[in-house]
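User: I'm new to reading protein models. Can we go through this one together, a question at a time?

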Amino acid sequence: MKLIFLDIDGVLNRTGRPEDGRTMPLYNSGIGWDPQLVPQLAKILNAFRGEIAIVISSSWRVIANYQPALFSFAFATWGISVPVLGCTPSCQASDPMVQDRRGLEIQMWLDQWKPMKVHHAITSYVVLDDCHDAGAGHEDKFVQTIHSKGLTDDNVAKAIAILKRQEER
């Protein structure tokens, strides 16, 4: 199974100043996903149809307390059917001074998954995020977006190339 660790802000929407291309108004799903950027994610998912899932690593999982089922519903409103396996744990409450928190949270999720890998081994994964700390410990699997542009064609191509690398985890 292939995984996408997915951030939302700066990936599926553009953040920053409106004059820099910010797109944060509510759209189809009502949660601020850009109609030009969601199809970019769909390109990655379609390249691995049936063998890919998403884990939410975005701060949305904490700030808005979004649960995996709500993300699944939001994807469905865009015509995307993909399993959302869950959300990464949060280091925020335990130690706000932790450096490279997002990368650590991703590693924590992967470590929790290992006992279950008998049935669903992770063959490859990619981290899509606009913040550099998400790539800590995952440098060769990290695609950093630019917050004011979101998920671009180049990011999509890089993500697909990373996911094509078959690595037993």
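This is a predicted model: local features need pLDDT of at least 70, side-chain atom pairs count only at pLDDT 80 or more; totals for chains, interfaces and linings use all residues.

User: Which helix gives the most to the lining of the largest pocket?

Analyst: The pocket holds about 250 Å³ of space, and among the 15 residues lining it, Leu 45, Arg 49, Gly 50, Ser 81 and Val 82 are the closest to its centre. Two elements give two or more residues to that lining, strand 2 being one of them. The top contributor, with three residues, is helix 1.

User: How many residues are in the largest nonpolar core?

Analyst: Several elements each supply at least two residues of this core, including strand 1 (2-6), helix 1 (38-47) and strand 4 (124-129). The members touching the most other members are Ile 4, Leu 6, Leu 41, Ile 44, Phe 75 and Leu 128. Leu 6, for example, contacts Leu 41, Phe 75 and Leu 128, among others beyond four places in sequence. The core's total is 31 residues.

User: Is Val 156 buried or exposed?

Analyst: Val 156 sits in helix 5. Leaving out residues up to four places away in sequence, Val 156 touches Gln 40, Lys 43, Ile 44 and Leu 151. Its relative accessible area is 6%, and the cut-off for this label is under 20%. So Val 156 counts as buried.

User: What separates the C-alpha atoms of Val 156 and Val 143?

Analyst: Along the chain, these two valines are 13 residues apart.

Terms used: Residues are numbered from 1 along each chain as its sequence is written. Side-chain values use heavy atoms; hydrogens and water are left out. A nonpolar core is a set of buried Ala, Val, Leu, Ile, Met, Phe, Trp, Tyr and Cys residues joined through side-chain atoms within 4.5 Å. Buried means under 20% relative accessible area, exposed over 50%, partly exposed in between (1.4 Å probe, protein chains only). Helices (H or I, at least four residues) and strands (E, at least two) are DSSP runs, numbered from the N terminus. Contact means heavy atoms within 4.5 Å. On a 1 Å grid over the protein atoms alone, a cavity is a set of points where a 1.4 Å probe fits but cannot get out, and a pocket is an open set with protein on both sides within 12 Å along at least five of seven lines; lining residues have an atom within 4 Å of a point. Grid points are joined across faces, edges and corners, and a volume is the space filled by probe spheres set on the points.
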